[in-house]
Amino acid sequence: MMFPSKTFLLILFVVLSSADASPLRPVAGKATLSFTARVNARGAVNIAAADRARAQVMKQAGSIGKRAGRSSFSITNAVVTYTAQVGVGSPATEYTLLIDTGSSNTWIGALTPYKPTITSADTGNTVAVSYGSGSFSGEEYTDAVTLSPSLVIAEQSIGVARNSKGFDDVDGILGVGPTDLTEGTIPNTTTAPTVTDNLYSQGIIDTEALGIYFVPPAVSDNAGELTFGGHDSSKITSPVTYVPLTTTSPASYYWGIDQSISYGRSTILSETAGIVDTGTTLVLIASDAFSTYQTATGAVMDQTTGLLKITSSQYAKLQALTFKIGGKAYNLTPNAQIWPRSLNADIGGSSDSIYLIVSDIGSESGSGLDFINGYTFLQRHYSVFDTTNNQVGFANTPYTDDMSN
């Protein structure tokens, strides 16, 4: 889902693979894959600037529509990325693809060349997607796509890159965003079925939904899960509560919802539209709400990391940050509001400093995309992206109140 410039290097790299994770677990119309987290530090990264650049491009493209812009949003060069080892063809060639809830085209060929097999069919169409600082263009094929030995999708639309930019460490993208994000990317085609679309239409899953379970990176056992077809009830400690997708643009082009945010007993952002996004690292809120939050916490801006910094005494007084979504309150505890201190050096910070994970989205409230609940929110709350019912769901997990940061 996104891509500031290459100076914003990868820090947290989440790998999904049947080789180094538990195998696929099919359960009554669902299929769950595990992934593990690792730190991939390559230098100081201004996390807030990276996320803010992403948010601004998403706003702009969402406002003009997908067909006009031929735009989508990749997590190339973002702070938090997720990759899958995906097989294409029969016999399958394995590709390392970014898992992306903010774009929907699946494509390969940035590094490893495509090898047509007996299951490959050239549709005769071209395909092109711009990702801001990255892009690809090439030909559309349909082919067998293997997510695991037990999870094989027939005749999946894939792009085969002839040209690509900004994808130096991966082969392409596994797009699991809304289908509408493929609009305008393939000539003479309204939209292209996504991986999740085809899992559903081919009867492999019962509901066109994706459940995502993250674990805070400081936890020793930090394995997470993707569940195609619903959610994994063993990973949640409360029922999943669903809310309809927002109708407010540009948030409505993505996994958009309506919510309000309170700090302690004070509302800092009245109910408004924003998005839920695995490709954003931080929690981004409208500039006016951010100013109120900074004043309430007493934090100061750290220019190196781009994050707010607080003292130990201020941390002791930190209050809960509450997200009210569809009448249900989801809290970020004081510990959940800080960057993992064990990873401070990986973002160019001081090992003994305390940094907050709430940042400025770069525009005042009322823009139609006033917040992004990113990875630092999602690692504390299970999320379900439900295309069948046009809704997003949340639940608490054993790590909602974790103190490991």
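Me: Is Gly224 buried or exposed?
Reply: Gly224 is buried, at 2% relative accessible area. Buried means under 20%, exposed over 50% and partly exposed in between, with a 1.4 Å probe and protein chains only.

Me: What kind of model is it, and how is it numbered?
Reply: The model is predicted, so local features need pLDDT of at least 70 and side-chain atom pairs pLDDT 80 or more, while totals for chains, interfaces and linings use all residues. Residues are numbered from 1 along each chain as its sequence is written, and side-chain values use heavy atoms, with hydrogens and water left out.

Me: Where does Gly224 lie?
Reply: Gly224 lies in strand β12, residues 224-228. Strands (E, at least two residues) and helices (H or I, at least four) are DSSP runs, numbered from the N terminus. Gly224 and Lys235 are 11 residues apart in sequence and 9.5 Å apart C-alpha to C-alpha.

Me: Which strand does β12 pair with, and over how many bridges?
Reply: β12 pairs with β11 in the antiparallel sense, over four bridges. Two strands pair if DSSP finds at least two bridges between them. Leu210 has Phe228 in β12 as its bridge partner.

Me: What about β11 and β24?
Reply: β11 also pairs with β24 (residues 381-386), antiparallel, over four bridges. Gly211 stands opposite Val384 there.

Me: How many residues of β11 are buried?
Reply: Five of five, across residues 209-213. Ala209, Gly211 and Tyr213 point one way, Leu210 and Ile212 the other. In a regular strand the side chains alternate between the two faces of the sheet.

Me: Switching to the open sheet of three strands. What is its order?
Reply: The order is β17-β18-β21, with antiparallel pairing. β17 (300-301) and β21 (354-355) are at the edges with a single partner strand each, so one side of each has no neighbour in the sheet. Two bridges join β18 (residues 308-310) to β21. Ile310 has Ile354 as its bridge partner.

Me: Now the largest nonpolar core. Which residues touch the most other members?
Reply: Leu147, Leu174, Ile285, Tyr293, Leu321, Phe377 and Phe394, out of 82 residues. Strand β15 (residues 266-276) gives the most to this core, with five residues. A nonpolar core is a set of buried Ala, Val, Leu, Ile, Met, Phe, Trp, Tyr and Cys residues joined through side-chain atoms within 4.5 Å.

Me: What is Phe394 in contact with?
Reply: Leaving aside neighbours within four places in sequence, its contacts include Pro239, Val240, Ile257, Ile325, Phe377 and Tyr382. Contact means heavy atoms within 4.5 Å. Another core, of 12 residues, lies apart from the largest one, and Trp107 and Phe167 are among its members.

Me: What is the volume of the largest pocket?
Reply: About 220 Å³. A pocket is an open set of points on a 1 Å grid over the protein atoms alone, where a 1.4 Å probe fits, with protein on both sides within 12 Å along at least five of seven lines. Grid points are joined across faces, edges and corners, and the volume is the space filled by probe spheres set on them.

Me: Which residues line the largest pocket?
Reply: Among them are Pro178, Asp180, Leu245, Tyr254, Trp255 and Asn390. Lining residues have an atom within 4 Å of a point. The lining divides into five nonpolar, four polar and one charged.

Terms used
Ala, Val, Leu, Ile, Met, Phe, Trp, Tyr, Cys and Pro count as nonpolar, Asp, Glu, Lys and Arg as charged, and the others, Gly among them, as polar.
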